[in-house]
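Subject: Structure for your review

Hello,

I am passing on the structure below, followed by notes on what turned up in it. Please read the notes with the coordinates open.

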Amino acid sequence: MDSEIALLAGTAGTTIATLLATDAWSGARNGVLALWRRVRPDDEEQVAVQLDTSRRDLLDARSDGDEEAEREVAMEWRGRVRRLLVAHPELAAELRSLLTELAPGASTTVTVTQRATASGSSRVYQAGRDLTVDQA
């Protein structure tokens with residue numbers, strides 16, 4: 001179970017750090033706070049301050065071009081979540097559910113519109129994702 005907790009905590013830390021600077025942050029913040037509230041209601045305010053501080057730090061670091069900051073924030077939250085799960089393993093299923101809900105792009109619908117015009121001997125190659133063109 002310990003390696004499962006470590007893996008889940010690592011995923012949570014990365015997801016939290018990724019969502020810090022996105023429009024999905026409010027929902028992520030509320031979800032993380034709900035986990036703590038269930039088992040440590042007295043710590044909720046402190047965790048809220050830590051989340052807000054992490055967000056501010058990451059936004060500042062990004063504006064300064066500090067690419068390492070997101071990894072550091074992810075590691076900090078990985079440790080916090082791991083300690084929470086070690087003390088309260090019953091939260092693992094709820095955390096998995098939250099991560100599925102918060103996964104970047106999970107609820108986002110992307111519409112791609114492509115238009116191309118070719119004339120003469122020209123060629124047009126279009127793809128909605130990966131494209132490999134071999135010129136033989």
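The buried residues of α4 are Ala-69, Val-73, Ala-74, Trp-77, Gly-79, Arg-80, Val-81, Leu-84 and Leu-85. They pack against α1 (2-19), α2 (25-39), α3 (44-63) and α5 (92-102). The helix itself covers residues 69-87, 19 residues in total, and spans 28 Å from first to last C-alpha, close to the expected 27 Å. As a reminder, an α-helix has 3.6 residues a turn, so residues three or four places apart point the same way.

All of this comes from a predicted model. The average pLDDT of the protein is 86, and 90% of the residues score at least 70. Among the elements, the mean is highest for α3 (93) and lowest for α1 (88).

Salt bridges

The whole structure contains 6 salt bridges. Three of them are described here.

- Arg-96 pairs with Glu-4, with 2.2 Å between the closest N and O atoms. Arg-96 belongs to α5 and Glu-4 to α1, so this bridge ties together parts 92 residues apart in sequence. Arg-96 is partly exposed at 34% relative accessibility, and Glu-4 is partly exposed at 37%.
- Asp-52 and Arg-29 meet at 2.9 Å, N to O. The pair links α3, which holds Asp-52, to α2, which holds Arg-29, across 23 residues of chain. Asp-52 counts as partly exposed, at 26% relative accessibility.
- Glu-94 and Arg-38 form a salt bridge at 2.3 Å, N to O. Here Glu-94 in α5 is joined to Arg-38 in α2, 56 residues apart. Glu-94 has a relative accessibility of 28% and counts as partly exposed.

Individual residues

Is Thr-15 buried or exposed? Thr-15, in helix α1, has a relative accessible area of 11%, which is under the 20% cut-off, so it is buried.

Arg-55 sits in α3 and is partly exposed, with a relative accessible area of 25%. Leaving aside neighbours within four places in sequence, Arg-55 is in contact with Leu-20, Ala-21, Thr-22 and Trp-25. Its C-alpha is 24 Å from that of Ala-92, which is 37 residues away along the chain.

Surface

Tyr-125, Leu-131 and Val-133 make a nonpolar surface patch of about 250 Å². Tyr-125 lies in the segment after α5 and is partly exposed, at 39% relative accessibility.

Regards

How values were computed: Residues are numbered from 1 along each chain as its sequence is written. This is a predicted model: local features need pLDDT of at least 70, side-chain atom pairs count only at pLDDT 80 or more; totals for chains, interfaces and linings use all residues. Side-chain values use heavy atoms; hydrogens and water are left out. Helices (H or I, at least four residues) and strands (E, at least two) are DSSP runs, numbered from the N terminus. The expected span of a helix is 1.5 Å times one less than its number of residues. Buried means under 20% relative accessible area, exposed over 50%, partly exposed in between (1.4 Å probe, protein chains only). Contact means heavy atoms within 4.5 Å. Patches are made of residues with over 30% relative accessible area and no salt bridge: like charges are joined within 9 Å, nonpolar side chains (Val, Leu, Ile, Met, Phe, Trp, Tyr) within 5 Å. Accessible areas come from the Shrake-Rupley method with a 1.4 Å probe; for residues, only the protein chains shown count as cover. A salt bridge is a side-chain nitrogen of Lys or Arg within 4 Å of a carboxyl oxygen of Asp or Glu. pLDDT is the predictor's confidence in each residue, from 0 to 100.
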